[in-house]
Each structure stands twice: as structure tokens, then as C-alpha cells.
Amino acid sequence: MKAKPHPLRGYFYIGTAALLWGISATLGRAAFTAHVLPGGTALGKIDPLILSQSRATLSLAVLLPVLVAQRGTSGLRVPGRDLLRFFLLGILGVAVSNYFYYLAIQRTNVATAIIVQYTAPVWVLVYTAVREAERPSWRRTGAVGLAVFGCALAVGLVGSGGFRMDVVGVAAALAAAFSFAFYNVGGHRMLARYDRWKVLLWVLVSASTFWIFVNPPWKIVAAHYGRQQWEFMMVFSLISVLGPFSCYFAGLQHLEPTRAIVVSCLEPVFSIVITALVLGELVRPMQTFGIVLVLVAIVLIQLPERARTELVAVEPIE
């Protein structure tokens, strides 16, 4: 018998994913700028395309043997009609979102990439409203607005010149936002039919296959990355893909897409807090206010509605 959706569990999973993504955003910036790692050694620059490709492929290399050992190959098969849906989800959702997000970080900065990408809750809200032909509630709309504005304040967009205008970079961040919204809605639907590990597996298979055609292995070999860079990419894949996506898909089994994506706005909050704790950077009053707004938005979005205006929560399969 299937367990009923548990909102608190969903918030925990999504919050954990946001924490890991917050850590990986800082690590990603280090990879693009040859940043000095702890211990004084410098990490050579890694191209955003190769970083996006490696994080999906290496995650698949870790996950696939484990699932095959547990379930066998027959337990991982899906019908052909769903295989196409998985490929669309993996390519248009995960692969595209990853690449354009890190391209945006490279061309602009972390603050700009995050705030533009986190307009995604707006697009999810618009989609669910249009798809269901119902107007969203004022509470839900206000929560989305607060989350986006809170992210802007948290990353220093207001009052610090944190926004860095670059046409390609901003366009890439906007493309990442659309992709982020897409895999929230699409992933929610697939989780209604399959458990999160099978969904994650086939999403990684599709994304990895896509990257092989876009960037063949010989091009990666020609980049001549050293052992330290490959070690970084392995750790990065676990922190930025395998760990957070398994948590995020678990959260989508308990929460509707709009609620899940608003909770994911904790990513910039965690980024600011981690930077303050680890690097000793001062958190400005405006950033603190932004963090408070994001937390308020999360509380608002989880309050029960008088009328149903959202998708029905997915019952967990596990």
C-alpha cells in the first residue's frame, strides 16, 4: 500500500537539495576561475560544457552499478513511450538547465545567474494556472513574488551592484530558469508512475547520451585535464547532481511543483550563510532581509488553500 504524501518530509528533501546546490554553485565558480583550493593549490579552469557533461556522466557511473546490483536490468526497464518522456526531461530539463546555469555563472557572476534562474517559480505558477485554466490564489502568487524578490536581496542584487549585465550570460540564466521550471513539472508527473531512483537513472542516461553527441569523448581527452581536476569533477558530480537530484525528486513525490520550486529558493540563502560561516564574509542587513522574505514565502506557500488551485500531490511509490 502506498504511503500518503508527507509535506514536512518533502520540505526536508527539497531543503537538503537546495543546500547541496548552494555549495556546488560556489564550487562551480571556482572551476571557471582557476580558484585556489584549500591548502593553497590552484584548480585549473574547467569548461562549463565539460563540467555539465561530467557531472551527469559521472553520477550515472556511480548510480547505475548500484541499481543493477539491487534490481537487475529487468527491474530498470521502462516502456518505450515513457522512454521518450525521460529523454525530453533529461535533455530539455536537466542537461540544458545545468549547462546554461554554469554558462551564466561564467559570463556574469553567481548572483546574476541565481536571481535570473530563480524566476523559475514564476514560470511554474504561470504554467499551472494556464494548464488548469484556474487563477492562482493571491497567497500563492504572493509567496512566489516574495521568494523571487528575497533571492534578489539575498544575493546582493539591490544596493550593491551585484547584478552584472552580459547579454549572453543573462540569456543563458533565463534559459536555465525555463528548463528548471520544465523539469519541476515534468519530473512531478513521472514520479507519479515511477520511484525516484528509476526516474533519476533514466534522466541521467538521457542527459549523458545527449552530451556524448554534443561533446564526443575525444574532445574531453583533448582538454588534457589533470588528476586533480578529475577528482574535483567526481566530487562535484556527487554534490551537485546525484545527491541533490535524488533529494529533489524525493521532495517532488510529496509536494506540488510550485511549492517545491519555492522551497528550492533556499539555495541562495544557503550560499550566503555558507560564505559567511566559512569565509567570514559579512552578511549585510539587506541580505538578511532577503533571507527572511524567502523563509516567509516558504511558510506562505505551504499553508492550505481554501480552494484547490494546484496539481494533486504525487503519492510516494517507495
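This is a predicted model: local features need pLDDT of at least 70, side-chain atom pairs count only at pLDDT 80 or more; totals for chains, interfaces and linings use all residues.
The patch lies on the surface and is formed by Val122, Trp123, Val126, Val130, Leu174 and Phe178, which together have about 500 Å² of accessible area. Two elements give two or more residues to the patch: helix 5, which covers residues 120-132, and helix 7, which covers residues 167-190.

Val122 is found in helix 5. Is Val122 buried, partly exposed or exposed? Val122 has a relative accessible area of 30%, so Val122 counts as partly exposed, a class that lies between buried, under 20%, and exposed, over 50%.

Another part of the chain shows how two helices pack. The crossing of helix 2 and helix 3 is right-handed. On the side of helix 2, the contact is made by Pro48, Leu49, Ser52 and Arg55. On the side of helix 3, Asn98, Tyr99, Tyr102, Leu103 and Gln106 take part.

Now consider the whole chain. Its secondary structure consists of 13 helices and zero strands. The chain has 318 residues, and 52% of them count as buried. Among contacts between residues at least 6 apart in sequence, 88% join residues at least 24 apart. The accessible surface of the chain is about 14,400 Å², and 69% of that surface belongs to carbon and sulfur atoms.

Terms used
Residues are numbered from 1 along each chain as its sequence is written. Side-chain values use heavy atoms; hydrogens and water are left out. Patches are made of residues with over 30% relative accessible area and no salt bridge: like charges are joined within 9 Å, nonpolar side chains (Val, Leu, Ile, Met, Phe, Trp, Tyr) within 5 Å. Accessible areas come from the Shrake-Rupley method with a 1.4 Å probe; for residues, only the protein chains shown count as cover. A salt bridge is a side-chain nitrogen of Lys or Arg within 4 Å of a carboxyl oxygen of Asp or Glu. Helices (H or I, at least four residues) and strands (E, at least two) are DSSP runs, numbered from the N terminus. Buried means under 20% relative accessible area, exposed over 50%, partly exposed in between (1.4 Å probe, protein chains only). A crossing is left-handed if the near helix is turned anticlockwise from the far one by less than a right angle, and right-handed if clockwise. Contact means heavy atoms within 4.5 Å.
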